[in-house]
Amino acid sequence: MLQENIGKVICTHSWSSAIAHIDADAFFVACEQALNPSLKGKCVAVGKERGIITALSYEAKQKGIKRGMRLNQAKNICRDLIVLESHYETYSLFSVRMFEILKRFSPLIEEYSIDEAFVDLTGLRRLHSKTYKEIALSIQSTIKQELNISVSIGVSLTKTLAKLASKLKKPYGITLIPGNQIHLFLKDTPIEDVWGIGPNTASLLKKLNIHTALEFVEKDENFLKKYLSKPYIQTYNELKGIQSIEFAPKLPNKSISKAQSFVPSNKESFIFSELVKNLELACAKLRRHGLFAKKLTVFLKTSDFQVSFIKIALSIPTNLPIMLTNTLKEAFNKIYTRGLFYRQTGIVLSDLTEKTHQDLFEDTVKIEKIERIYKALDKINSRFGNNTVCLASSLASKQNKKQHLNLPFVDIKV
């Protein structure tokens, strides 16, 4: 048992549950830096269009710049500050892709904000053949490798403890709080830093001689009920390692995205073929989950990391790429600039539903035939590898790549 002045062990079971909180580091600026690596390591902020700082890099924070500061004031503090306009659609695309990565590690994801998520890792150590810390490291490194942004991760028994842990080693940190060490972390946590406890409640608790999170959980629950409402009692239990705030994952696969980088090229047919391949892979995943997309987002990234994109509302939800190729071509023509070199293409299928809605004017017989064809193609691709059989318009992306099978051309007339 530890010394009394440190506090008593609150929970003796180290991992009765395991909730991870993933928090992207300086997310908006990190997205800009991922698209333009020359900005890395510099004092960067976004919010130029509003005239105030809405997000900033850690280098800018170290200079004393804060969110909400006016641009002229920030420039006086740091003359080298680079201020960019915000690109919220771009940040949304990064967010979608980050959440897609998280779904590889657990089926239970709660998207808390555009750059934060809770992930239920309970019982997944055997599945991944890793400890909880190793799973967290894999999540962190995968996001860094694929998106070129960093995240900080906290893992503990409850959402409140996990959110507290993710703040402790920013940026690019990992902190685990097992049950038998909760008291060690709470003793150094000011009560106002606890998720869910606002300034007014913190002020009240300090009047009750409660200044730290540990002093809060060491109080008798009946004592707290005299002064606090139910949500704060839930926070009290969460800090003790007792899950009391519901884990509320959203519907699975809110969106599905596929993107692929390649050696920069200005060959239109090749770039479009890469886009078609993205579409085929994304639609294949939709079919595996029995889902249909009602919205399509198409994006292209140039060799100097400039992104152009377009969003399209589909008249009929679908998961069949051949039904979207004409729409895809029209979208491509709107955002593609001839002569530019491109390094990445991507697709986001969103506003997903479990049921399709047939239009009275659609040829249902034709659609049923296509569905049967894709059912057969999915079996082939599942056995021999993705895109073993593909649309002719994506063949250019396979040039100089070894194929699994020398299969005949499949002609689908619609």
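Residues are numbered from 1 along each chain as its sequence is written, and side-chain values use heavy atoms, with hydrogens and water left out. Because the model is predicted, local features need pLDDT of at least 70 and side-chain atom pairs count only at pLDDT 80 or more, while totals for chains, interfaces and linings use all residues.

Salt bridges were searched for across the whole structure, and 14 were found. A salt bridge is a side-chain nitrogen of Lys or Arg within 4 Å of a carboxyl oxygen of Asp or Glu. Side chains of opposite charge can pair when their charged atoms come close.

One of these bridges joins lysine 163 to glutamate 116, with the closest N and O atoms 3.2 Å apart. Lysine 163 lies in helix α7 and glutamate 116 in strand β6, so the pair ties together parts that are 47 residues apart in sequence. Helices (H or I, at least four residues) and strands (E, at least two) are DSSP runs, numbered from the N terminus. Strand β6 covers residues 116–120. Glutamate 116 has a relative accessible area of 12%, so it counts as buried. Contact means heavy atoms within 4.5 Å. Leaving aside neighbours within four places in sequence, glutamate 116 is in contact with His21, Ile22, Asp23, Met98, Phe99, Glu110, Glu111 and Lys163.

A second bridge links the side chains of glutamate 100 and lysine 103 (3.4 Å, N to O). Glutamate 100 is buried, at 7% relative accessibility. Lysine 103 is partly exposed, with a relative accessible area of 22%.

Glutamate 192 and lysine 206 form another salt bridge, their closest N and O atoms being 3.3 Å apart. This pair links distant parts of the chain, 14 residues apart: glutamate 192 is in the loop between α8 (182–186) and α9 (199–207), and lysine 206 is in helix α9. Glutamate 192 is partly exposed, at 37% relative accessibility. Lysine 206 is also partly exposed, at 35%. Salt bridges that share partners join Asp23, Asp25 and Lys170 into one network.

Helix α13 spans residues 268–288. The expected span of a helix is 1.5 Å times one less than its number of residues. Glycine 290 follows α13 and has a positive phi, near 65 degrees.

Backbone angles were also examined. Most residues other than glycine have a negative phi, and most peptide bonds are trans. Asparagine 148 is not a glycine, yet its phi is positive, about 60 degrees. Asparagine 148 lies in the loop between α6 (132–147) and β7 (151–156). Its relative accessible area is 26%, so asparagine 148 is partly exposed. Aspartate 351, not a glycine either, has a positive phi of about 50 degrees. Aspartate 351 sits in strand β12 (residues 342–353). Aspartate 351 is partly exposed, with a relative accessible area of 35%. A cis peptide bond joins lysine 170 and proline 171, with omega about -5 degrees. Proline 171 is found in the loop between α7 (159–166) and β8 (174–176).

Key. Buried < 20%, exposed > 50% of the residue type's maximum accessible area, 1.4 Å probe, protein only.
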